[in-house]
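Please look through the sequence and the model before reading on. The paragraphs below take one topic at a time.

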Amino acid sequence: MTRLEFMETLQRTLAGALGSRTVDGHMRYYQDYFDAQLSMGKSEADIVTELGNPRLLAKTIIEAAKREGRGDATPEYDEVYEDGTTEAKGASGLRAHRMPGWLVAVIALVVIITVAGIVGSVISVMLPVLIPLICVVLLVRFFQRR
């Protein structure tokens, strides 16, 4: 696995569970890690082997965020990087909203009525063809028994 493949897999896996600022922070950290290790003479393959499976690494990062109470839909938290800089806590712009029960019931009713209307339309269109077809099948079976 190459550095690019490792980083893409790590980013895809993290993006499904953490906020974008958090993912960017982790990606910067591992980008810097690769740069530092390469400057020390290690090969990309050695670094990837040392870090292990990027999906397992991402799972570990996600689990750590959940343990620290950051496993919600838009987890953003303070991060301290090797150079001493921090990333301030902030909202990612996504918010969870609960719909009232009556609105859910109305939407469900509209969906049911729509589906019933579509099914009814299909049946009404097919009925003129199905009735003669069923009659022919029944007549054929009736005469085959004799």
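How many aromatic pairs does a search of the whole structure find? The search finds 4 aromatic pairs, where rings of Phe, Tyr and Trp (its six-membered ring) pair if their centres lie within 6.5 Å, and planes under 30 degrees apart count as stacked, over 60 as edge-to-face and the rest as tilted. This is a predicted model, in which local features need pLDDT of at least 70 and side-chain atom pairs count only at pLDDT 80 or more, while totals for chains, interfaces and linings use all residues. Residues are numbered from 1 along each chain as its sequence is written, and side-chain values use heavy atoms, with hydrogens and water left out.

One of the aromatic pairs joins tyrosine 29 and tyrosine 30. Their ring centres are 4.9 Å apart, with 90° between the planes, and the pair is edge-to-face. Tyrosine 29 is partly exposed because its relative accessibility is 32%, whereas tyrosine 30, at 11%, is buried. Here buried means under 20% relative accessible area, exposed means over 50%, and partly exposed lies in between (1.4 Å probe, protein chains only). Another pair is formed by phenylalanine 142 and phenylalanine 143: the centres are 5.4 Å apart and the planes stand at 70°, so this pair is edge-to-face. Phenylalanine 142 has a relative accessible area of 42% and is therefore partly exposed; phenylalanine 143, at 56%, is exposed. Tyr29 and Tyr30 also belong, together with Tyr33, to one aromatic cluster.

Next comes the overall layout. The protein chain has 5 helices and 2 strands, in the order α-α-α-α-β-β-α along the sequence. These elements are DSSP runs, with helices (H or I) of at least four residues and strands (E) of at least two, numbered from the N terminus. Of the 146 residues in the chain, 22% are buried. Among contacts with a separation of 6 or more, 59% join residues 24 or more positions apart; a contact means heavy atoms within 4.5 Å.

Which angle do helix H1 and helix H4 make where they pack? The angle between H1 (residues 3–15) and H4 (residues 54–67) is about 35°, and their axes are 8 Å apart. Axes are lines fitted to C-alpha atoms, for helices over the stretch in contact, and angles run from 0 to 180 degrees between N-to-C directions. Helix H1 contributes Phe6, Thr9, Leu10, Arg12, Thr13 and Leu14 to the contact, and helix H4 contributes Pro54, Arg55, Leu57, Ala58, Ile61 and Ile62. By class, the residues of this contact are 8 nonpolar, 2 polar and 2 charged. Nonpolar covers Ala, Val, Leu, Ile, Met, Phe, Trp, Tyr, Cys and Pro, charged covers Asp, Glu, Lys and Arg, and the others, Gly among them, are polar.

Threonine 13 lies in helix H1 and is partly exposed, with a relative accessible area of 26%. Leaving aside residues up to four places away in sequence, threonine 13 touches Arg55, Ala58 and Ile62. Its C-alpha atom is 6.3 Å from that of arginine 55, which is 42 residues away along the chain. Threonine 22 lies in helix H2 (residues 20–39) and, because its relative accessibility is 1%, counts as buried.

Last, confidence. The mean pLDDT of the protein chain (the predictor's confidence in each residue, from 0 to 100) is 83, and 81% of its residues reach 70 or more. Over residues 71–81 the pLDDT is below 50, and this stretch has 38 contacts in the model beyond near neighbours in sequence. Residues 84–92 also have pLDDT below 50, with 22 such contacts. Where pLDDT is low, the predicted coordinates should not be read in detail.
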